[in-house]
Amino acid sequence: MIVWMVLPALVIFGAVYLVPLAKLVAASFFRDGALTLSNHLDLIGSASFRDIVLRTFKMAVVVTFFTLLLGYPAAYFLSRLAPRRAALLLLLVTVPYLTSILIRSYAWIVLLGPTGLINRSLLWVGIVDEPVRLMFNMTGAYIGMVQIQLPLMIFALYAPMQRIDRTLLNAAQSLGGNRASAFFQVFLPLSLPGVLGGSTLVFLSSLGFYVTPALLGGTGDYMIAQAIQVRVSNLADYDAASAQGTLLLLVVVLAFVLLRRRLTDGISESAAPAATGQRVGNGLRTERMPEAVAQRLHPFFRALSEVLTWLRLPALYLAMAFCLLYLVAPMVVVVVLAFSDAAYLTFPPPDYSLRWFRAFFSDQRWLSALWFSTLCAGLAAVLSTLIAAPAAFALVRRRFPGRLTLYLLLISPLVVPRIIIGVAVLFAFVPLGISGTPIGFILAYALVGVPFVVVLFVTGLRRFDRDLEMAAAGLGATPARVLSTVTLPLLVPTIVSALLFAFIAGFDDVELGLFISGPNATPLPIRMLENIRLEISPQIAVVGTLLFAALIGVFGLHLGVSRLRGLRRRFAKKMILSGTPPRPGAERGAKP
């Protein structure tokens, strides 16, 4: 049974992921058909490549630091709120995260330009006398990258913070500490696993970032991903590109293996709930919490702690407001630009009209690219869900050898740089004749969508109330009947979320499209990238506005489905737990 649940995912991963990556690594050891180490030795001896590697690692470290600096207080603020208020603010964080990276990078071009909103504000306030160069350098790349990665850090921090037992903070205060000392002595140490997990995800994903550094960075500030793309697309130097990709893959895999325990906490039985036992996260023992913690502090630190206690709420509100402004401002700019009447890119627009909407819907190139991306990403999302959902059931409901390894394999495309996957599938698809075809895109998009489906289903199944399933089985329902009438209906929000995330993973992809696009297979992100590089017209803003509106509509549908599910769940629980047998003709109404 377990084999059949995980076999479809393993087949797809083997054909589209593992075998292509193995071919990529093998190709790095060949030159002109002969086995050699010269590709790797040339890289090691290249001063320019060493500069690229150091620049990439520096960027990843800086981006990780600033996302943690901004994300930690925001996540802490969210963890203190009531669930409904936290859900509303998390929605404001989620929408930018799901918005196209190309759209957000385009918005930063508008904001950071010499005549952009930020420079105008600095000149108006009098901070500077002339526009500051904020774009086409590392400063612009950092600003864009931090904004793109910030939601990922907030999500990674929020979940473990929410699970911390607040009675420990009360206990620390009852021993003589104030709120600030209780935070530093108790809450901060217990949140360190989330800090480590979030920093790891941001750092690894930043190593292989392509779009934002390519659009906002300087022409001489290449990152590894850009170097690989240039080697493949511009120079056709596949041997060097394979060696560079292998080096980057090795770094990511080593980090992935070293941090595997943290990444498998979601399905590990040994993962204890944070702050509920005598020994938690970082090894803090609650029974050994020092008495009168704050009283034992040096007078200076005691005074500082009191000041921090008084300032903490205003600081948290300011931090949360800044994060939301930082995340949402690019989307506001995009929507405003979509209605610009100017013939060129300028903000704020001199006048407003629908000219760019009319231009978009009358341009067959844009419409064809939109249809192609929608079709391929939609079919790939369905395929991802069909193969990943049974695997997630097996991971949560079954115990078998290699379970954690399978989980790591299925989520690994989240951290393996997309640029490496793109080169690998190019090498694999060309001999098969499916590069530049819808089939190739569907398979590639399905691969990058599987991790999102697995993570969402594992989370949903772990929170699932199995009493309803057992009660239905106790009333005589067969396993298939329980699955169709209880399990799947209650998992509808999870299914919708999985389809949405898997769809966006493919629809927003640039790196795969760079390598497997063809004359008759050009996805929307590649069309957008060409426009940003050559024209930077407000038509990009039209695309962003349409995608933003579609995303808001999907979220509205999701909230409606969630509310309907709540009503049906209460009705189902009342019917099943009361022991009332289903009446003929009422079975459909009793379905959860």
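Residues are classed by relative accessible area as buried (under 20%), exposed (over 50%) or partly exposed (in between), with a 1.4 Å probe and protein chains only. The structure is a predicted model, in which local features need pLDDT of at least 70 and side-chain atom pairs count only at pLDDT 80 or more, while totals for chains, interfaces and linings use all residues. Residues are numbered from 1 along each chain as its sequence is written, and side-chain values use heavy atoms, with hydrogens and water left out.

Side chains of opposite charge can pair when their charged atoms come close. With a salt bridge defined as a side-chain nitrogen of Lys or Arg within 4 Å of a carboxyl oxygen of Asp or Glu, four salt bridges are found in the whole structure. One of them joins Arg 231 to Asp 237, with 2.9 Å between the closest N and O atoms. Arg 231 has a relative accessible area of 28% and is therefore partly exposed; Asp 237, at 26%, is also partly exposed. A salt bridge between Asp 363 and Arg 365 has its closest N and O atoms 3.2 Å apart. Here Asp 363 is buried at 15% relative accessibility, whereas Arg 365 is exposed at 52%. Arg 418 and Asp 509 form a further salt bridge, with a closest N to O distance of 2.9 Å. This pair links distant parts of the chain, 91 residues apart: Arg 418 belongs to helix α19 (residues 418–432), and Asp 509 to the loop between α23 (492–507) and α24 (511–516). Both Arg 418 and Asp 509 are buried.

Helices are DSSP runs (H or I, at least four residues), numbered from the N terminus. Helix α22 (residues 479–490) comprises 12 residues and spans 15 Å from its first C-alpha to its last, close to the expected 16 Å; the expected span is 1.5 Å times one less than the number of residues. Buried residues in α22 include Val 482, Val 486 and Leu 490.

Aromatic pairs were taken as rings of Phe, Tyr and Trp (its six-membered ring) with centres within 6.5 Å, and classed as stacked (planes under 30 degrees apart), edge-to-face (over 60) or tilted (the rest). The count comes to 17 aromatic pairs. The rings of Tyr 97 and Phe 155 have centres 5.5 Å apart and planes at 90°, so this pair is edge-to-face. Tyr 97 lies in helix α4 (residues 83–98) and Phe 155 in helix α7 (residues 138–162), so the contact ties together parts 58 residues apart in sequence. Tyr 97 is partly exposed at 22% relative accessibility, and Phe 155 is partly exposed at 26%. Tyr 238 and Phe 427 also form an edge-to-face pair, at 5.9 Å centre to centre and 90° between the planes. Tyr 238 is in helix α13 (residues 238–258) and Phe 427 in helix α19, 189 residues apart. Tyr 238 is partly exposed at 41%, while Phe 427 is buried at 18%. Ring pairs also link Trp 108, Phe 322 and Tyr 326 into a cluster.

A charge is taken to sit over a ring if NZ of Lys or CZ of Arg is within 6 Å of the ring centre and within 35 degrees of the ring normal. The charged end of Arg 355 sits over the ring of Trp 356, 4.9 Å from its centre, and that of Arg 527 sits over the ring of Trp 366 at 4.6 Å.

Note on methods
Helix = DSSP H or I, 4+ residues; strand = E, 2+ residues; numbered from the N terminus.
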